[in-house]
Structures are given as C-alpha cells and as structure tokens.
Amino acid sequence: MAVTREPIDDFRIRQLRARDMLRGDLEEGELEKHVEERIITTTLDRAVSWARGNSIFPMTFGLACCGIEMMGIVGARMDIARFGFEALRATPRQADLIILSGRVSIKMAPIIRRLYDQMLEPKWSIAMGACSSSMGVFNNYAIVPADKFMPVDVHVPGCPPRPEALMHGIIRLRAQVLGEPEQGWRDRYRARGTEEVVDAPLPGETGADAVNVFAPGDTAGA
C-alpha cells in the first residue's frame, strides 16, 4: 500500500463532492466519474484470499529454544497483531498455521504429523530455525527435518532466528496466501544469466578438477 500526500484543497474538494453525491446534486457525468474513482472491483477468490491472509491462526507449538523467540512476536516490539496473526490457538482444531520452532526428533515426527492432519483446511506450516529446516548442529540419526514428513511452506533460517526473522517469514507466507508471492533475489536484482555453469566432463573423465561443482542436470545434494 502506497501512502501519498495530497494538497488540502483537493481533499476538501473530494469532501464537498461526496456531500453533493449524498444530496443528489451531482450531474450524470460528475456522478459517474465520482463512482469510478471510489469503487474497487475484484474477484471472489481474491477477496477470500485477502480474508485468509489477514486472519491466520497459528498454533502454540514450541519444540526447543526457537520457541522462546517465537513468543517474542506477540510482544509490543513485534506486535504480530498488525497482520492479523495474534489469535494463537492451543488446539489444531482451531488453527491453520503450525510453526515448528525447534528440533524435531524421530519420535516426535509422527505426533507432529498427526497434529498437522487435524488442522483446518487450508493450512500452512513454517519451519523455524536450522534444526527443523536441515537438522542444524544436531546432524545425527535422532533428528529429522520437517519437510521429510510434512509439507513446509516457508523456511526461516537461523540458530535461533530472531523474532524479526520469523516476522519476515510470516510476511512471506502472507504474500503466498494472498496470491502475490514475492520475487526471488535473482528477479529482484536482475541477476538472471549470472549463473556459473561448469561443462559436463567428457566420457571417460572423472571431473576431478571440479570436486565441489555438480555437472549440469545433476541434482545431487539438492
């Protein structure tokens, strides 16, 4: 939303025109122009998406140290109520957003999946922190990333991420719900065509000169 400053005279003219419209004093041409300037048309899908994007109910579900940072978004500093996310629910039956704030163990994954399945439709999820996104420093057999057992819409990096980072992730999720996803960094900075591509090794070559670079078309490590 853009905020523009207009001269006081123009604002006063619009007030007088609105008064004349209520009185029925506007002529046909002026009335048609006045209506065209003040009516916004949209589709039902966009209106429903606007309502959903401004009234998401997160579920109170903290797993580890990231849960303390998640609590900070409801305070006066972050004030998540500005975006309509302040109604945190303690039950999946009344929530449509789950924030996995912390590490997820293999024993805990089936429980989280059950809670996710019990949430309202449409529903979304945020993996907060390095542990729930990529196991973080606990890279062992007992920890599992969130996107291995449930769909994740937004990943918030950090160990632990600050409340500002979680707010940024929530705003990105809100943009997805509204149907207006933000552009990636290559589109924002016009970096298309700057990718470094390494030629594939010829038949019989091992490609030892590029140990840390995958050949085009190789999805290893992705």
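Residues are numbered from 1 along each chain as its sequence is written, and side-chain values use heavy atoms, with hydrogens and water left out. Since the model is predicted, local features need pLDDT of at least 70 and side-chain atom pairs count only at pLDDT 80 or more, while totals for chains, interfaces and linings use all residues.

**Exercise 1.** Work out in which order the strands of the open sheet are arranged, and which strands stand at its edges.

*Solution.* The open sheet has 4 strands in the order E1-E2-E3-E4, with parallel pairing. Strand E1 (58–59) and strand E4 (154–156) each have a single partner strand, so they stand at the edges and one side of each is left without a neighbour in the sheet. Further in, E2 and strand E3 (residues 124–128) pair in the parallel sense over 5 bridges.

**Exercise 2.** Locate Ser101 and decide whether Ser101 is buried or exposed.

*Solution.* First, Ser101 belongs to strand E2, which covers residues 97–101, and Ser101 stands opposite Met128 in E3. Next, apply the cut-offs for relative accessible area, found with a 1.4 Å probe on protein chains only: under 20% is buried, over 50% is exposed, and anything in between is partly exposed. Ser101 has 0% relative accessibility and therefore counts as buried. Finally, look at its contacts, meaning heavy atoms within 4.5 Å: leaving aside residues up to four places away in sequence, Ser101 touches residues including Phe61, Cys66, Met70 and Met128.

**Exercise 3.** Find which residues are linked with Glu164 in a network of salt bridges, and describe where they lie.

*Solution.* A salt bridge requires a side-chain nitrogen of Lys or Arg within 4 Å of a carboxyl oxygen of Asp or Glu, and the count by this rule comes to 4. One of them joins Arg77 and Glu164 at 3.5 Å, N to O. Arg77 lies in the loop between helix H4 (66–71) and E2, whereas Glu164 lies in helix H7, so this pair ties together parts that are 87 residues apart in sequence. As for accessibility, Arg77 is exposed at 65%, Arg162 is exposed at 51%, and Glu164 is partly exposed at 29%.

How values were computed. Helix = DSSP H or I, 4+ residues; strand = E, 2+ residues; numbered from the N terminus. Pairing = 2+ DSSP bridges.
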